[in-house]
Amino acid sequence: MPPGRIAVIVLAVLRHDQRLADMAGGNDVSESTVRRWRDELIALLAGQAPRLDRALKKVARQGGEVVLIDALIHTQRRAGKADRRNYSGKHRSHGLHFLALTDEKGRLIWISGARPGRTHDNTAARHDHVLAHLRVAGLGALADLGFRGLDNDVLDPVIVTGFHASRTHKLAPGEKTANRVLAIGRAPVEHGFAHLKNWRILTKLRTDPAQATRLLRALLVVTNLEVNR
């Protein structure tokens with residue numbers, strides 16, 4: 001079968017969550033063949049996903065000044081005690097933890113490897129040396145309050161997270177204004193995630209870290225090809 005036709009079949013599986021058996025029968029091939037095509041294309045695309053340092057340097061070369069950082073994505077729960085580490089108290093659901101970066105317009109530029117859902121945002125960011133890579137690239141980052149404490153440099157902060165209200169600390173008017181401005185600046189990150197979540201195969205994503213990492217990185221590549229064409 002021509003490579004172009006194979007790519008169309010696999011993309012239909014990923015975009016619309018078409019059953020492998022249906023795609024196989026409609027194209028006169030076996031289900032195992034479609035599964036192999038899917039896995040091979042995912043691996044090929046995932047290998048094209050940018051590394052963090054290169055993604056940030058590209059943003060800087062193009063004149064960007066900040067990136068947006070957030071965490072995603074939920075997965076279906078597996079039964080048993082083994083899945084307890086995938087429970088996120090923050091999101092009150094099971095899943096895997098990924099860090100994702102977009103440029104200031106919301107275009108996805110990088111996705112981390114998968115970690116257990118209970119992983120704290122800062123723990124993941126420190127493991128990937130996000131702060132150090134940002135400084136090398138000369139970029140800042142806008143983040144939500146889940147990343148508070150990641151950058152404690154008060155004189156030259158790279159990561160901006162806004163102000164946190166508590167029972168003992170009420171936000172001053174200026175702090176509230178700053179938080180609103182930050183929220184506006186961060187809004188495009190949701191657009192980037194929305195494009196990614198258009199791939200319906202993610203609705204059945206399971207908590208297999210290696211498989212999930214390959215899939216998310218592959219979808220990052222094809223999403224950017226789609227959005228930027």
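## A tour of the predicted model

Residues are numbered from 1 along each chain as its sequence is written, and side-chain values use heavy atoms, leaving out hydrogens and water.

**Whole chain.** Start with a cartoon view: the protein has nine helices and seven strands (DSSP runs numbered from the N terminus, helices being H or I of at least four residues and strands E of at least two). Then switch to a surface: the accessible area is about 12900 Å², and 53% of it belongs to carbon and sulfur atoms (Shrake-Rupley method, 1.4 Å probe).

**Helices H1 and H3.** Select residues 3-16 (H1) and 31-46 (H3). Their axes come within 9 Å and cross at roughly 85° (lines fitted to C-alpha atoms over the stretch in contact, with angles from 0 to 180 degrees between N-to-C directions). H1 is therefore roughly perpendicular to H3, a term that covers 65 to 115 degrees. Now show side chains: Ile6, Ala7, Ile9, Val10, Val13 and Leu14 of H1 meet Val34, Trp37, Arg38, Leu41 and Ile42 of H3 (contact means heavy atoms within 4.5 Å). By class, this contact has ten nonpolar residues, one charged and no polar.

**The cores.** Next, select Leu14, Val34, Phe98, Leu196, Leu202, Leu215 and Leu219, the residues with the most contacts inside the largest nonpolar core, which has 41 residues (buried Ala, Val, Leu, Ile, Met, Phe, Trp, Tyr and Cys joined through side-chain atoms within 4.5 Å). Elements giving two or more residues to this core include H1, H3, strand S3 (93-103) and helix H9 (209-227). H9 supplies the largest share, eight residues. For the second, separate core of 22 residues, select Ile69, Ala141, Phe147 and Val158, which are among its members.

**Two loop residues.** Most residues other than glycine have a negative phi. Go to Asp17, in the loop between H1 and H2: its phi is positive, near 55°. Asp17 counts as buried because its relative accessibility is 18%. Finish at His129, in the loop between helix H5 (121-127) and helix H6 (130-137). The phi of His129 is also a positive value, near 55°.

Note on methods
Predicted model: local features only at pLDDT ≥ 70, side-chain atom pairs only at ≥ 80, totals over all residues. Parallel < 35°, antiparallel > 145°, perpendicular 65-115°, else oblique. Nonpolar A, V, L, I, M, F, W, Y, C, P; charged D, E, K, R; others polar. Buried < 20%, exposed > 50% of the residue type's maximum accessible area, 1.4 Å probe, protein only.
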